[in-house]
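Trainee: Please take one single part of this model and go through it closely. Then set it against the rest of the chain, step by step.

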Amino acid sequence: MKKIAIIDDEANILEILEKYLSRKAKVEVETFTNANESKPKIMRGDYDLILLDIMMPEINGLDMLVEIKQSRPEQKVLMMTAYSTEEKIIKSDLVGANDYITKPFISLRDVENKIYDHLNI
């Protein structure tokens, strides 16, 4: 079974995604409310895919993406943002994000499909 990590400071986003994706039984989901909390497991490479919010306190998602890609360049990361400014998307692409998801989600099915596409399932 594929494992994904979701890092977002919005508890409701984590709850919705975890319930929806876990129900499908194709992925195991672990959630984190901040980047610092997730770092030990993320840096060990415990996940097949990481969903990472851009705007978070302490360490923002773009800075975390840089850290992930420096230590684990092959790690697949999808950025999530409610602030889909062209500049943030371009920067996440340059740093090595595999894709991005805009919030609020139009459809959880679309999020699921994007995740499955990147996991090849």
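Mentor: Two residues are in contact here when they have heavy atoms within 4.5 Å of each other. The model is predicted. The part to look at is Leu 17, which sits in helix H1. Setting aside the neighbours within four places in sequence, Leu 17 is in contact with Ile 6, Ser 22, Leu 51, Met 80, Phe 105, Leu 108 and Val 111. The cut-off for a buried residue is under 20% relative accessible area. Leu 17 has a relative accessibility of 1%, so it counts as buried.

To place those contacts, start with the chain as a whole. The protein chain has five helices and five strands, and along the sequence they follow the pattern β-α-β-α-β-α-β-α-β-α. The five strands form an open sheet with parallel pairing, in the order E2-E1-E3-E4-E5. Strand E2 (27-32) and strand E5 (99-102) are at the edges; each has a single partner strand, so one side of each lacks a neighbour in the sheet. On average, and ignoring direction, neighbouring strands of this sheet are turned by 20 degrees against each other.

Helix H1, residues 11-23, lies across strand E1 (2-7), E2, E3 and E4. Its direction is at about 170 degrees to E2. Helix H5, residues 108-119, lies across E1, E2, E3, E4 and E5, and runs at about 170 degrees to E5.

Next, the packing of these two helices. A packed pair of helices is described by the angle between the axes and by the distance between them. The axes of H1 and H5 come within 11 Å and cross at roughly 65 degrees. The range for roughly perpendicular is 65 to 115 degrees, and H1 and H5 are therefore roughly perpendicular to each other. H1 passes H5 in a right-handed crossing. On the H1 side, Ile 16, Leu 17, Tyr 20 and Leu 21 take part; they meet Leu 108, Arg 109, Val 111, Glu 112 and Ile 115 of H5. By class, this contact of H1 with H5 has seven nonpolar residues, two charged ones and no polar ones. The C-alpha atoms of Leu 17 and Glu 112 are separated by 9.0 Å, although the two residues are 95 residues apart along the chain.

Strand E3 (residues 49-53) and strand E4 (residues 77-81) run parallel and are joined by four bridges. Leu 51 has Leu 78 as its bridge partner in E4, and Leu 52 has Met 79.

In a regular strand, side chains alternate between the two faces of the sheet. In E4, Leu 78 and Met 80 point one way, while Val 77, Met 79 and Thr 81 point the other way, and all are buried. Five of the five residues of E4 are buried, so the rest of the structure largely encloses this strand. Thr 81 has a relative accessible area of 1% and is buried. Apart from neighbours within four places in sequence, Thr 81 is in contact with Asp 53, Ile 54, Ile 101, Thr 102 and Lys 103.

For a contrast, take Arg 44 in helix H2 (residues 35-44). The cut-off for an exposed residue is over 50%; Arg 44 has a relative accessible area of 53% and is exposed. Arg 44 and Arg 72 are 28 residues apart in sequence, with their C-alpha atoms 8.8 Å apart.

H2 also packs with another helix. The axes of H2 and helix H3 (residues 61-71) come within 11 Å and cross at roughly 10 degrees, which makes H2 roughly parallel to H3. The crossing of H2 past H3 is right-handed. Ala 35, Ser 38, Lys 39, Ile 42 and Met 43 of H2 make the contact with Met 64, Glu 67, Ile 68 and Ser 71 of H3. These residues divide into five nonpolar, two polar and two charged.

Of the 121 residues in the protein chain, 42% are buried. Among contacts with a separation of 6 or more, 66% are between residues 24 or more positions apart.

Terms used: Residues are numbered from 1 along each chain as its sequence is written. This is a predicted model: local features need pLDDT of at least 70, side-chain atom pairs count only at pLDDT 80 or more; totals for chains, interfaces and linings use all residues. Side-chain values use heavy atoms; hydrogens and water are left out. Two strands pair if DSSP finds at least two bridges between them. Helices (H or I, at least four residues) and strands (E, at least two) are DSSP runs, numbered from the N terminus. Axes are lines fitted to C-alpha atoms, for helices over the stretch in contact, and angles run from 0 to 180 degrees between N-to-C directions. Angles under 35 degrees count as roughly parallel, over 145 as roughly antiparallel, 65 to 115 as roughly perpendicular and the rest as oblique. A crossing is left-handed if the near helix is turned anticlockwise from the far one by less than a right angle, and right-handed if clockwise. Ala, Val, Leu, Ile, Met, Phe, Trp, Tyr, Cys and Pro count as nonpolar, Asp, Glu, Lys and Arg as charged, and the others, Gly among them, as polar. Buried means under 20% relative accessible area, exposed over 50%, partly exposed in between (1.4 Å probe, protein chains only).
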